[in-house]
Amino acid sequence: MTAQDKIRSEINAFLKRTGMLPTQFGILAVNDKTLMSRLNAGRGLSLETAEKARSFMRSYRKQRAVKKKARSESRAAA
């Protein structure tokens, strides 16, 4: 598996898990709505762009976990 295949696989798993659209991911993660279409077309991306995408996915997971915890705490208090 190439580095390009690996990042594409990571992003696709993230998209499936979150229900986020590929264009939305590209815009939010690296300000490029064509990111996934370029990756799927076999074009590569820089290490900097790959790290930005991974960083976005990590921070998105953390934000969702915090929101989920806050919701469950507010339900428990009600």
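This briefing covers the fold, the helices, the core and some individual residues of the structure above.

The model is predicted: local features need pLDDT of at least 70, side-chain atom pairs count only at pLDDT 80 or more, and totals for chains, interfaces and linings use all residues. Residues are numbered from 1 along each chain as its sequence is written, and side-chain values use heavy atoms, with hydrogens and water left out. The secondary structure comes to four helices and zero strands, where helices (H or I, at least four residues) and strands (E, at least two) are DSSP runs numbered from the N terminus.

**Overall**

- Along the sequence the pattern is α-α-α-α.
- Of the 78 residues in the chain, 24% are buried (buried is under 20% relative accessible area, exposed over 50%, partly exposed in between, with a 1.4 Å probe and protein chains only).
- The chain exposes about 5,600 Å², and carbon and sulfur atoms supply 54% of it (areas come from the Shrake-Rupley method with a 1.4 Å probe; for residues, only the protein chains shown count as cover).
- Among contacts between residues at least 6 apart in sequence, 59% join residues at least 24 apart (contact means heavy atoms within 4.5 Å).

- The 16 residues of H1 should span 22 Å at 1.5 Å a residue, and its end C-alpha atoms are 23 Å apart, which agrees (the expected span is 1.5 Å times one less than the number of residues).
- H1 has Ile7, Arg8, Ile11, Phe14, Leu15 and Thr18 as its buried residues. They cover an arc of only 125° around the axis, which puts them on the same side of H1 (the arc is that of the directions from the helix axis to the C-beta atoms).
- In H2 (residues 22–30), the buried residues are Phe25, Gly26, Ala29 and Val30. Their arc around the axis is only 100°, which puts them on the same side of H2.
- An α-helix has 3.6 residues a turn, so residues three or four places apart point the same way.
- Gly19 follows H1 and has a positive phi, near 80°; Asn31 follows H2 and has a positive phi, near 60°.

**Nonpolar core and aromatic pairs**

- The largest nonpolar core has 15 residues, and those with the most contacts inside it are Ile11, Phe14, Leu15, Phe25, Phe56 and Met57 (a core is a set of buried Ala, Val, Leu, Ile, Met, Phe, Trp, Tyr and Cys residues joined through side-chain atoms within 4.5 Å).
- Two or more residues of this core come from each of H1 (3–18), H2, H3 (35–40) and H4 (47–77).
- Beyond four places in sequence, the residues that Phe25 touches include Ile11, Leu35, Ala53 and Met57.
- The whole structure holds five aromatic pairs (rings of Phe, Tyr and Trp, its six-membered ring, pair if their centres lie within 6.5 Å; planes under 30 degrees apart count as stacked, over 60 as edge-to-face and the rest as tilted).
- The ring centres of Phe14 and Tyr60 are 5.3 Å apart with planes at 75°, so the pair is edge-to-face. Phe14 lies in H1 and Tyr60 in H4, so the pair ties together parts that are 46 residues apart in sequence.
- Ring pairs link Phe14, Phe25, Phe56 and Tyr60 into a cluster.
- Phe14 is buried, at 0% relative accessibility.

- Asp32 sits in the loop between H2 and H3 and is buried, with a relative accessible area of 18%.
- Leaving aside neighbours within four places in sequence, Asp32 is in contact with Gly26, Ile27 and Arg38.
- Glu10 lies in H1 and counts as partly exposed, at 24% relative accessibility.
- Not counting residues up to four places away in sequence, Glu10 touches Arg54 and Met57.
- Glu10 and Ala53 are 43 residues apart in sequence, with their C-alpha atoms 9.6 Å apart in space.
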